[in-house]
Amino acid sequence: MAVDEIVEGKEYYLYKVHTDKRLGYEVYASWDYVRLASDSTKGTPVVFERDPDNSSQYYIRMIESNYSDHVYLTRDSKGWIYLDTKAEASRFCFFLDAWGRINLWHYHGNEDSKNFKLHDRGGKNWLSIDGYKDNFGNIDRNLFQVEEA
């Protein structure tokens, strides 16, 4: 069941809207990169942690990974999302609508750019921040359904 608010420190699954697939991770080039799990029973819960220096920004932590302490969603130089330590982690902003759908974006951007977007590479859907809103108002991003873990 979708949530109507995000509670800091609570575990949630992020499902791609209109699917039963959750976000998870997989090793690529010696790092855990975030992607849509291939099986509807898989996926990894996340926890939202407010940035103490800016209350509108959050760290997003997966509760597990292949590398201890490398559990925070982090943007690489090309915009792909991988797991790293909190010291290196990116911060994100979000808007949760009345239906439990969340729009997430990298805090260096805004709602019109750097939104979460899944890209198919090799039959797998990898998470990036390449989503955007163009000059005509067309939105190219993925929304996620938030459910309690």
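Which residues is T44 in contact with, leaving aside its neighbours within four places in sequence? Counting heavy atoms within 4.5 Å as a contact, T44 touches Y12, Y13, L23, G24, Y25, M62, I63 and E64. T44 is found in the loop between β3 (31-36) and β4, where strands (E, at least two residues) and helices (H or I, at least four residues) are DSSP runs numbered from the N terminus. With a relative accessibility of 5%, T44 counts as buried, a word that stands here for under 20% relative accessible area, with exposed meaning over 50% and partly exposed the range in between (1.4 Å probe, protein chains only).

The model is predicted, so that local features need pLDDT of at least 70 and side-chain atom pairs count only at pLDDT 80 or more, whereas totals for chains, interfaces and linings use all residues. Residues are numbered from 1 along each chain as its sequence is written, and side-chain values use heavy atoms, with hydrogens and water left out.

**Strand pairing**

Two strands are taken to pair if DSSP finds at least two bridges between them. Strand β1 and strand β13 (residues 144-148) run antiparallel and are joined by five bridges, with Y13 standing opposite E147 in β13. Strand β13 also pairs in the antiparallel sense with strand β9 (residues 101-110), over two bridges, and here R101 stands opposite Q145. Elsewhere, strand β6 (residues 72-75) and strand β7 (residues 81-84) pair in the antiparallel sense over four bridges, and T74 has Y82 in β7 as its bridge partner. These two strands, β6 and β7, form a hairpin with five residues between them, and G79 in the turn has a positive phi of about 100°.

**Aromatic rings**

Rings of Phe, Tyr and Trp (its six-membered ring) pair if their centres lie within 6.5 Å, and planes under 30 degrees apart count as stacked, over 60 as edge-to-face and the rest as tilted. A search of the whole structure finds twelve aromatic pairs. One of them is edge-to-face, because the rings of Y12 and F48 have centres 6.3 Å apart and planes at 65°. This pair links distant parts of the chain, as Y12 lies in strand β1 (residues 11-16) and F48 in strand β4 (residues 46-51), 36 residues apart; both Y12 and F48 are buried. A single aromatic cluster is formed by Y28, W31, Y33, Y82 and W126.

A charge sits over a ring if NZ of Lys or CZ of Arg is within 6 Å of the ring centre and within 35 degrees of the ring normal. The charged end of R35 sits over the ring of W126, 5.8 Å from its centre, while R22 lies over the face of Y13, at 3.7 Å from the ring centre.

**Salt bridges**

With a salt bridge defined as a side-chain nitrogen of Lys or Arg within 4 Å of a carboxyl oxygen of Asp or Glu, the count comes to ten. Three of them are set out here.

| Salt bridge | N to O distance |
|---|---|
| E26 and R35 | 2.6 Å |
| K124 and E26 | 2.6 Å |
| R91 and D51 | 2.7 Å |

R91 is buried, with a relative accessible area of 18%, and D51 is buried at 6%. Salt bridges that share partners join E26, R35 and K124 into one network, in which R35 is buried at 9% relative accessibility, whereas E26 is partly exposed at 23% and K124 is partly exposed at 28%.
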